[in-house]
Structures are given as C-alpha cells and as structure tokens.
Amino acid sequence: MDINHIVSLIETFNNSHDSKVINDIQNVLQQHQKSELGIDLANALLSQENGSTNVKYFGALTYTVQLTTCLHTESQLWSIFQGNLVHLTRMMFLFTSNPAAASNLLVTITKLMSNLSLIFLTINSDAIGADSNKIPAWRNPVNTCIKLLQHCNESNLFEWRTDNSEIAERLVRTCLNEDVPYTELIGNISSSAPLNKLLLLFTKVIVEDMNKYQSKKSSLSNVYEMVHNHLYISTMAILNFNLENMMSSGATSEVFPCITSWIHYISMARNVSAHGTMDLTEMFNNMINVMCMASNGSQEFPYSDEVISIFDDLFSNDPTLMSFEVRAKLEAIFLGVSRHSMNTSNDWMLAYMNHLVTNELYDDLKVLASCVVDFLQISNLDVCNKLFTNIHENTGDQSLEDYIRVLLQLTNFPLIPILQETYSSKMIEFWLDLAEGYGNLPQEALKADANEIAENMFNQVVQIYLPKISLMNKQKIMEEDDDQSLLHEFDDFRSATQDLMEILWTILGHSKLTIVLIRGVGQADTNNVDLYQVEAMSFLLAKLLDGVNFSQSPFISDAIGENHLIDNLLFLLQTGCKQKEHSKTAQVLKLDFVKATCNLLGVMATYFHVDSKPLGPIVESLFECLETSRQYNPIEYSIKMELQLNRTISLICENCRKELIPFLPNFIQVLRSIMRPESPVSHFTREKFVKSIGNIIQMCVSEGPEAQANHISNMVDMIGGLIQTTDAKSDMLSLLACLSELGSGLSQLPNDDEFIENNPMYLAQLPAFQAYWLQDPMRVKDKVMHLVQYALSKYGTDPEFVEVSCLIIGKAITLPDDIPHFLRYPLSEMMSFYMTCISNCDYASGLPYIEYQLEKIVAGFKDQLTSHEFDEMFKQFFLNYYSSHISSDPDLIQSMVSWVNSVLEAKPSLALKSEYWTQFIVPEFLKYLQAKEKFTISSTTKFWMKTLNNRRYTQEDTEIINALFQSMGKQLVYQTMFSLHHAQRSDVPQYAELIRTLFAKYPMPMKDWLYELLPQITGKEAIFHERFINKLTVTRASRATLSTVTEWWLDCNGLPNLQ
Amino acid sequence: MSTTGYYELYRRSTLGASLMDSLDTLISDGRIEASLAMTILETFDRVISDTLRDKTTSKLTFKGHLDTYRFCDDVWTFIVKDCIVKLDGQDQESELKCDKLHIVACNAKKNTE
C-alpha cells in the first residue's frame, strides 16, 4: 500500500470533473477501504501532518467503512476504537488551542465523533457488553474526551499516535470510564469556549445517531440505560451552564441544535425504553428565561426566536415532554392570563410582538403564532371542559372569561392575514377542535348556560373571520408581494374557514349562522352594497347550503326570498364579469367574485323548485355574462369565467329541468348566438350548453313524444347544418361533440327519488315515448347517422373523430331498455358502423375507442349474442389485424386482451365456445405472460385469473376449463413461473395474484409441477425451492402469497428486500 | 417508517416502484451495492415527502359513503364507496367517479427530520 499514491488518488478524486476518472478512482479507493489494511490506511491518512482536509476526512471515512462493513472480531473493534479516540483527542487539542487556524478540522472531528457514536452503540448493546473478555461498557464519551484531552495537554502532541502503546492502549483504557465531577466539567467548559462547542457537538452527534439507528438495532436497551445514567447528566450540566450564562457570555452556535437533538432523542426514547424518560424541567425553565431575556433597553430579543422555534417544534410533536408546571408558566407568559394562576403578566409577550411587528419580522411572528397555537391545542380539552361543564367546580369564571377574551384577540390579530400575521389562520384549528370538543360533551355534564356561552363565543369567532377572509386582504397581499405561494396560502385559509363554519353550524344552527349570512348578503340594496362583504358571506354560504333540502327548510327559503340576496349576487356576478379593469389584481378579484356567485347559485339550484321566479333574471344574467365576458376581460380570465358560468348553467339546468321549460326558446336563441362560427365562446362551453338544453328537452313531455322529437330534430338540424357548412376540422369535431352531448343531456335523469315523485307525467309517458322512438317517424336516428358518416368521410382517420362518433352511435347501449332515447340504434346497425369505422380509421389509434364500445355491446347485449357473433367480432376487429398491427404493439395487445376479459366477465361461454378459443386465444395469451410491458402483464394475468376462477361459469363452462387445465396446466404454470423469475420487482404482485389463483383452484398438481419446473427455470436445486413451495402450500392461497412469492423472487435474483 | 424518520409508503407509488426496478438492475449488474440502494430509497422517502408537503398546490376533495375505517399502528385506513373525487388544479377542476376508494393516511407530524 503506497500511502502517497492513495493521497494523490484522494486529491484527484475530489478535484476531478471527469466522471470516468472519478468512477475508476472510487473503485480503487473502496477496495483499499474494505481491505484488511483498511484500519492501517485510516491511521496513516489521519496521521498525515500536512494532509489536506479531504485526506483526513477520507481517513475518518475509512474507519466508518471498516466499522460498518468489515467488522468481524473484537480486536478489530478495539483497534478502530483506539484509533478514533487518539485522533479525535489530537484534533480536539489542535482545535481548542487555535479554533480559527484549525477550523478546517471540524468536518473530520465530526466524522470521528460519528464513528465513536457508532462504537458507543455497538459496545454498549446487549450482545457484546455481557462477556467479561470483551471491551467493557463505555459509560460516558464526554467524560472520556475531557480526560484524554487533559492528558494530551500534559504530554507531547507528537506522542499521540496509534502505534504508541502507552497512549493508545494504557491511557485510553484508563480514561475510558473515568468519572469527571460536575465542578471539573464546568471548569473545563467555562475555561474553553471551543471545548464547550466540541462537547456539545459530540453529545448531539451521539443522540442523533441513536435516533437514526433505533429502528435498525433491536438491542439498544442497555444503551438507553447508559445514556440515561451518564451522558444525559453531563449533557444537561453543559446545556444548563450554557443557558444560564448566555446573557453574560453569549451563546455558542451548538447550544440550540444540541437542545433540539436531545428533545428529539428523549421524545423517541421514552416511547421505546424504560430508561428513555428524562426530565428536562430545569432546561426548559432556563430556556424560558433565555427567551424572555431582553437587552438594550428591551429593544432586542437575542435568543427569543431560537427558543420559540424549539418550543414550536416540541408542541407540534411531543408537547407532554414539558411538565405541567412549566406549561402553566409559559401560558402566563404567552397569554397574560392563566387558568391555573392569578399572578400573571404578559409584558414580555406584548413587547416581543411589538418588536416583531415594528421591525416587520413577519416570519418570526409566524413561528410565534404557530408555537402559541400548538401550545393552546395541548390543553384544548381542558379549556373545553372548564368552559362548558361542571367538572371543575373551582374555576374562576373571571379568569376563564379573560382567557377566552385573549384567545379571541389573538385570532383577531390586527394585521393582514397570511401576509403579516398567521394567528388567525393557525387559530382555525383551535376553534375547530374546541367546537368539536363541545359537540362531543355529554348533555348531563354541561353547565346550565353552556349553550349561551358557546353561541356567544362562536358568534364572535364568525364575526372575526368574516373580515379576515375578505378579498380586500387578498388584494393587499397581491399589491404587496407577487409571491404565488402566499396567494395559495390565503386561498387555503379561506377554505379552512369554510370548514370551520361547517363545524360551527352544528352549534349555531341555521338560525344563528346560515340565516345571519343570508341576511348579510341580502340586507343592502344594490346601490349600497359592500361587494367584498357579499363575496365573503356568499363564499361561506356555499358551504353551508350545500346539500340543503330547500323544500323541507322553509325558514331558509323564506330568508332567501325576503331580501335582496339574489339581486346582490347577480350584482356581484355582473361586477365580476362586466366591469372593465386593467390591473392583474383587479382581474383576479373579479374572477373570485364570479366563482363565489357561481358556486352559490349552483348550490342553490334546488331552491328554485320552491321559488322559480328568480330563475328568469338569473338565467338572463348568466347568458349575458357568458356572451360578453370576453369583451370585458383578457382571454386568460374570461376562459375561467366561462367555465364557472357554464358549470352553474349546467347545474341549474340539471336540477330545474321542468322549471326551465318556459325559458327553452331563450336557451335556443343563446345557443344560436354562441354557435355562430365567429362567436368567441369556447368549444367546451358550446358543448356543455347543448347538454344543458338536452336536460330541459328531456322534460318537455306534456305535449307528447312528437313535440319533444320536434325540439330534438330542430337541434340536430341546427347542428347538422353547421357541420355541413364548416370546413374547420376543430369546429366540426366540436359540432360532433355537441351531438354527443345532446344525447347525454337526454340520457341523464336526476339521481333522486324526489324527481320520480314529482314527475309522474314523465314516468307515465315513458311507454309512449319508447314506441315513438322505435318507429322514429322523423328519422332523427338516420339524420344523426348521416351526419356522423359525413364527418367521418372527411376526417375518418383522425382518432378524435372516431372517438366522438363511437360515443354518439353507442350512446344508448348502456341505458336501461325502458328509457326511451333518440339514439337507440339496433345492434346490427351499430356493428356495421363500427366495422366500417375500423376499416377506414388509423387502426392503432382508433381501436381503443372502438374496443370500448365493443365492451359495452357485450355487456348490454350479452343475452342476444352467440359464440358465432363473438367469433365474427373477434375476427373483424382483432384477428384480421393481428399480424399487421396488434402483434407488434403492446397497447393493441392490451386492448384485445381487455376485450376478451370483458366477455369473460359478462358471458364467459361466448369466448369458451368460440372456435378461436383453443386455436388462438389460449396459445397466444399464454405467450403474453412473458411480456415486459406492465399493462400487457396486467391484462394477461387478469385474463388467466378470470379463466381459472369465474363465478359466471355454468357447469358446462367449468368442464371446459377443467379439461383445458388438464391438457395445458403444466405449461401455464411453467410460463407463469418463468415470467415471474424474469420479471421486474414491480410486476411481481401481478404474477403473485395469478399463482394465488392457481393454488386456490388446483393445489395438488401445482405442488408437484413446481417441484419439477422450478429447478429447470432457475437453474437452482429443488432443495432451494422447497421452503417456498411449502410456504405456498401453507398460505393456502391467502394474501400472504404475495410476500412468499416476493421472498422467493428476491432469493432467486439475489436482490435485497428494499422495504 | 424508515430509519430516517420518513414513511416508506411512497415506494409503492409508480415513481417509487420504477426507482426500485432501476436500482434492482444496477445491483444485478454489479454497478451499485445494496446498501447504496437503501440510502437512495431513504433519500427518496425524504424528498418525496417534503416535496409533496411543500411544493404541491393541487387539492383533492372527495365525497362518498364511508364503508370501512380502521386505525391501527398510527395508520388510518378508509374505504369509501361510490366516491366522487374532485381534483382542483391551479386553473381547472376535474371530477372522477369510482366505485371504491382506498385511503391510507399516516400522521405527517411523525416526520420529525
């Protein structure tokens, strides 16, 4: 081993940019690190007097490699232990003597500490500590460091080598468990700030490693005990000394990270070990003192943000780590009132908040808010009990009232939410939990005036949040900062407030919340209305009114009807859509106005069953906005507005079909206007508008089928006329989509019993309509077919045209037979259409759409189809294209297999009795098991599972399958296991499911075949597979099969578990 | 939960599964060791968890009939039937219907690092 060569390799490795060179050197260096000379190499590199930081660090890293991958004997461990301690002591000496000059040693020192931390875990763990011949337990690394450093101070630094047995053997062994009294410890750290820093770093590294390794190592209980009895005591002494002297001597940068790591450690350890519980009261008290420390005439708070950040972390993760007494003290400091003590003052808190607000330190204010609210959450249940129940007899009512007053004031923090303050957003969770807690209290435990207290308090909460969620604040955020994340945060805040209102509704009810908001929206007339307030209230109302049955809630309907709610909503809508604004902020707010109105109108759609009078102005306004929004707004906003308007129109049309019949001419008029080629309205809006008209036409039943057919025919004529006159491909596609949407609009029935009850005329006339459409005297079906064929004659190769055409022709396949529909084509006509379509289109892109229709045909016409027809379909749509297209395209293979799967699901005998079943399907689908594409494997394994285990099988079908399995079962098992063996990890579950099915259906032959086939497939002896086969037998096709199969797959491929 | 304090549940996502497939190939080819693959996956656990928490703005809401729920080992499982899932992107919304939605939810606050 040429050390100079290795040093030069390390330098090249760290400085080169050539990945090949780096890769080659890495391989060489790794070999050295893992070799028997690894420990010597580490010593040599760390001993290099003039070695660079890279070289020294690599030396420490070589110890790590030896520790983690090459450790076999106790003497090796001892050598590594000695070496790390000797080098660490030497480097610590250099660092403490001249921290500035030796600062580059810190990275190597940290690595050596990390190695010693691993050694600390290893030698103190159960397995090793018990044997007297082994390395004795190592109680306290901090003490060892101090003792060795003291010896180092007294001796020549050059003697600190691993080959000096006096130092490396005798001294190290002596110092290993030597005690350091408290006064000596404090004396050492008070006289040397660098040593103080290093000891804090060391203890931090150890507990961080404990956190890291706790789930990997199962025998850490002795280590927890060792930490509890020794390291914890030293660390607390160091930390408390640092905290107590922070004002006079300043803080070292390691104090707060060390505290954080210890809190995390104790939080973890107390859950896993009896020795994990360690009291932190003194430290927390000192931290509170440091937090409240103010310098420079109370103008500066040097450490408050650091302490609050730690408390924030603590309260959000493990608040009970802080004792009740300390929490009570903190409560008084934070709130100025305490539920436990009368002697309180929050002067510090007020001064600190004032300092943050004055200096615009909003990030620190955010952390403080998070800390305070997380703190409040700890005692939420206690607050709830004291407020509303008789459980605590001695509670002072006055202090509790003060407490609530402070909480309300915090919620109403007088700054802009999200941008400047986050109390209001954080407090949502608190109020939500308090409201839920109140809702869960047993009635008999409640105070006599509990309801009054709750209503009064939560009413104030509502009043606080209404202005907080106002878009005026969003406007200020946008004017102040262009940060999109703040806007998203504000929108999240508004949504959280909506959720809070939903919970508060359970306490305040409609009378004190919903009605108040309805009156709030509707109280002013449009000349005198505060649009921001109307928007905020509408936003909340949309949540509260969602799902309300207006016909059964007359008091809500009356409240809506008796004031200007609808007028003001429409005013808000008009302002949003039709007021010309140029700034981006105004546009965003206008869009929010439109969203709030549209959402509320959509939610209120069923209200118009109670009172249909407002429908006229509403529909008129929506139409007007839809037609003109592009004139007043830039395109990116008008598109979004159009979507909102369209959605609302759709919802209203879907829910108020009957009520809207008088407005049908207006709808048609608007449709004609937006369908004009020069209209700027989007294709999507046109299509959905047609669907809405379809909804209304569906209810035009009072004058019999012919009147309805007239409407439909007129619509088809209008759309058809446009199809025949347009040349633009996208326009023609959209017009086809309009035909499809018209069909959809006439297919859907509102999904509730109320509709059936309220529309007896519709139900009574169904047979007459059915008979009418069977004859179709106006030949609407033919007209539509003609239009589709016309479009396809122009763009038949385009997959989008194929998709929409298929949707139109197959529109009624899945509708129940008794529902009349103008697009109900006979099976023969549909099949003929799809065959023409497939022969003219681009097969690869068109097949998925046609295959989807074929699946629906099989499901819808399964009782009429025969095996012969199955053969014909299979031949015409798949087999004829197999060699030219399907066999080389995994997507098409998946389509073909999926279709056969749909047949097996609907009526398996169609496939089983097909002439292609044994000729083609079984042999080809067997081959697909070996496919590499995930979706082919997925559909093929599904096919075999459905073939083997199908609840729809008749006796005859079962016999066919049993005979099939007799003849090719072994081959199937071979293919499955072969494919599994060569599969990727992510495909293993698919095969495991198939193996599970095979074992469930045929356990006996499976076992024999596996014994025979697995050695052939894997090249490994049968004994290798015995455990797997036995385990599979024991799992008896349960869900445990997956883990058994995965385990076998990992063993066969020599791969790690990775889970 | 992995040793780094992050959940391993995203390893079952398409992205995680593809990463594991790639790592398998690298291990089989002798280009990396299993321990490095583990480190990579631990990094993946951390990064995907942090990224989903900090960088995503899309929201998903759902409505349906709660069929089954359980809380075991700090993991909530919900099976919601006849579910309508609304995906709210930054600019557009879409709606999906599904017969059965399986939700596995873990405590985000346990992610301590």
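Helices α47 (934-948) and α48 (955-981) of chain A each supply at least two residues to the lining of the second largest cavity; helices here are DSSP runs of H or I with at least four residues, numbered from the N terminus. A cavity is a set of points on a 1 Å grid over the protein atoms alone where a 1.4 Å probe fits but cannot get out, and lining residues have an atom within 4 Å of a point.

The model is predicted: local features need pLDDT of at least 70, side-chain atom pairs count only at pLDDT 80 or more, and totals for chains, interfaces and linings use all residues. Residues are numbered from 1 along each chain as its sequence is written, chains are lettered from A and ligands numbered from 1 in the order in which they are written, and side-chain values use heavy atoms, with hydrogens and water left out.

To continue with the second largest cavity, its space is about 40 Å³, a volume being the space filled by probe spheres set on grid points joined across faces, edges and corners. Its lining consists of A:Trp944, A:Thr947, A:Leu948, A:Ile961, A:Leu964, A:Phe965, A:Met968 and A:Leu972. The greatest contribution comes from α48(A), with five residues. By class, seven lining residues are nonpolar, one is polar and none is charged; Ala, Val, Leu, Ile, Met, Phe, Trp, Tyr, Cys and Pro count as nonpolar, Asp, Glu, Lys and Arg as charged, and the others, Gly among them, as polar.

How many cavities of 30 Å³ or more does a search of the whole structure find? The search finds two. Two or more lining residues come from each of α35 (705-725) and α38 (760-775) of chain A, and α38(A) gives the most, with five. This lining comprises 10 nonpolar, four polar and no charged residues.

I turn now to helix packing. In chain A, α32 (residues 635-655) and α34 (residues 683-698) pack at an angle of about 10°, with their axes 9 Å apart. The two are therefore roughly parallel, the term for angles under 35 degrees. Axes are lines fitted to C-alpha atoms over the stretch in contact, and angles run from 0 to 180 degrees between N-to-C directions. Contact residues (heavy atoms within 4.5 Å) include A:Leu643 and A:Ile649 of α32(A) and A:Phe684 and A:Phe689 of α34(A). The contact has six nonpolar, five polar and three charged residues.

Key: Parallel < 35°, antiparallel > 145°, perpendicular 65-115°, else oblique. 1 Å grid on protein atoms, 1.4 Å probe; cavity = no way out; pocket = protein on both sides within 12 Å on 5 of 7 lines; lining within 4 Å.
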